[in-house]
Amino acid sequence: MPRIPASPPRISIQQARNLHLHAQGLLTAPAAMPEPADLLACIERMGVLQIDTIHVVARSPYLVLFSRLGNYPAHWLEHALEQGRIFECWSHEACFAPASTYALHQAHRAHGGREKHWASKHALRAHSAQRAGMDAVLEHIRQHGPSRSSDFESARREPGGWWAWKDEKRWLEALFARGELMVARRERFQRVYDLSERVLERMQIETGEQMPPQADVARQLVLDAVRALGIAQARWINDYFRTTPRLKDADLAPLLASGMLLPVSVSGWQQPAYVHRDHAGALQACVKDTLQATHTALLSPFDPLVWDRERGQAMFDFDYTLECYVPEAKRRYGYFVLPVLHCGRIVARLDAKAHRESGEFEIKQIHLQPGVEPATELAGGLAAAIRRCADWHATPKVRVRRSRPVGFAALLRKALIQG
């Protein structure tokens, strides 16, 4: 049995950030010419890719991939789903996940790992109160094949609740949460549902295999979360796949004893940290200070790097709240603010909108983080990242309106012109 080092390696907070970025695929700039296989590898590396429909810039899953892949065709994501290389599930929230992890997510759901999630609670209520309607929707799909919500006509919509969805939409979502339906593909980002057995057949997934014990499933999800994070405190781990309960250091002792997890000490952190053994080489590079961050990117608000507020605060000294659900008068930074990653630090937050008809990428305002100097080098790095993102959106005309501090907008405009 591997021995736990008497004295765990000690690294700086910046080295911890670099290890985190290495695991997430954000340490260095992407290859110039990505390939479809790179998209799947990217999702496998993260474990899950959260789905959100807001599209003042690109919808979140596309933007998360762009931050890691660079200029890739967005339709690759839909192709991967339709080809069965990825699937949709409830995990951190609604997510895409690699097909190779289907059995793990299915076992977690079957063992009751999603019972407390709001989608599962809705599905249980709907199945109890509206079983006939759900059965009718299921039979329609069985008889007529893959279907969208818009394929069903409904004369009744409920105010509020599930965003005023019609009954059939709620039933489709409930059947999806129960595992009776899966998402076969998306059309203009609308889900197309089919019977789970038909989707799994296309994915070439056998469903008759014996389900692993609950303890093994929980253990694997912990390991997968730590691998995806690169480095983690115990209390951060359960948020990644939204498992329960929140872990304590004592809970990880068996994984340390087996050598699956490695202990690490990070300067400034009171709690111990943990690294998956797959990242042992990267950890050694951190100890030698040879793992360096050079990438600059605009991040989605739903990027795994920032979706956990507590982790973002500890890792990057970055306190982030999504303000699109906040009344406009109470917003501090903007409707859909993109964190800006620059050479291993989150240095700014940028409120942007892609005006596709006019070809303009509007930066309504950009706020530098406290302590970040508005230097020419920073402006150049951010301008290049903004230009790449704007070009990918097919909105090549970039307009910078305001900044904090005020003078940084002029530096950024100049860098955009020179670039």
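## Terms and overall build

Helices and strands here are DSSP runs, numbered from the N terminus; a helix has at least four residues and a strand at least two. On that basis, Gln204 lies in the loop between α9 (196-203) and α10 (214-229). The model is predicted.

The protein chain holds 16 helices and 13 strands. Its radius of gyration is 22 Å, close to the 22 Å that the globule rule gives for 419 residues, so the chain is as compact as a globular protein of that length. Along the principal axes, the C-alpha atoms fill a box of roughly 65 × 65 × 40 Å.

## Contacts, surface and charge

Residues 24 or more positions apart account for 65% of them.

The protein chain exposes about 19700 Å². Carbon and sulfur atoms supply 51% of that area. There are 54 positive and 45 negative side chains. The centres of these two sets lie 5 Å apart.

## The nonpolar core

How many of the 419 residues count as buried? The share is 53%. Nonpolar side chains tend to be buried together in soluble globular proteins. In this model, the largest nonpolar core has 142 residues. Leu65, Ile231 and Phe361 touch the most other members.

Look at Leu65. Leave aside its neighbours within four places in sequence, and its contacts are Leu39, Cys42, Ile43, Met46, Leu49, Gly70, Tyr72 and Leu77.

Ile86 is found in strand β3, which covers residues 86-90. Is Ile86 buried or exposed? Its relative accessible area is 1%, under the 20% cut-off, so Ile86 is buried. Not counting residues up to four places away in sequence, Ile86 touches Leu40, Ile43, Leu77, Ala80, Leu81, Phe96, Ala97, Pro98 and Ala99. Phe316 is 230 residues from Ile86 in sequence, and their C-alpha atoms are 30 Å apart in space.

Thr243 sits in the loop between α11 (237-241) and α12 (253-257). Thr243 is buried too, because its relative accessible area of 13% is under 20%. Thr243 touches His108, Leu221 and Asn238, not counting residues up to four places away in sequence.

Ala37 lies in helix α2, residues 36-46. Its relative accessibility is 54%, over the 50% cut-off, so Ala37 counts as exposed. Ala37 and Arg186 are 149 residues apart along the chain, and 20 Å separates their C-alpha atoms.

Arg188 is found in the loop between β5 (181-187) and β6 (190-195). Arg188 counts as exposed, at 83% relative accessibility. Arg188 is not a glycine, yet it has a positive phi of about 50 degrees. Now return to Gln204, in the loop between α9 and α10. Gln204 counts as exposed at 72% relative accessibility. Gln204 is not a glycine either, and has a positive phi of about 60 degrees.

## Cis peptide bonds

Which residue does a cis peptide bond join to Thr244? The partner is Pro245, and omega is about -5 degrees. Pro245 is found in the loop between α11 and α12. Thr243 is in that loop as well.

The peptide bond from Arg404 to Pro405 is also cis, with omega near 0 degrees. Pro405 is found in the loop between β13 (397-404) and α16 (408-418).

Note on methods. Residues are numbered from 1 along each chain as its sequence is written. This is a predicted model: local features need pLDDT of at least 70, side-chain atom pairs count only at pLDDT 80 or more; totals for chains, interfaces and linings use all residues. Side-chain values use heavy atoms; hydrogens and water are left out. The radius of gyration is taken over C-alpha atoms; the globule rule is 2.2 Å times the number of residues to the power 0.38. Buried means under 20% relative accessible area, exposed over 50%, partly exposed in between (1.4 Å probe, protein chains only). Contact means heavy atoms within 4.5 Å. Accessible areas come from the Shrake-Rupley method with a 1.4 Å probe; for residues, only the protein chains shown count as cover. Lys and Arg count as positive and Asp and Glu as negative; His and the chain ends are not counted. The place of a charge is taken as NZ of Lys, CZ of Arg, CG of Asp or CD of Glu. A nonpolar core is a set of buried Ala, Val, Leu, Ile, Met, Phe, Trp, Tyr and Cys residues joined through side-chain atoms within 4.5 Å.
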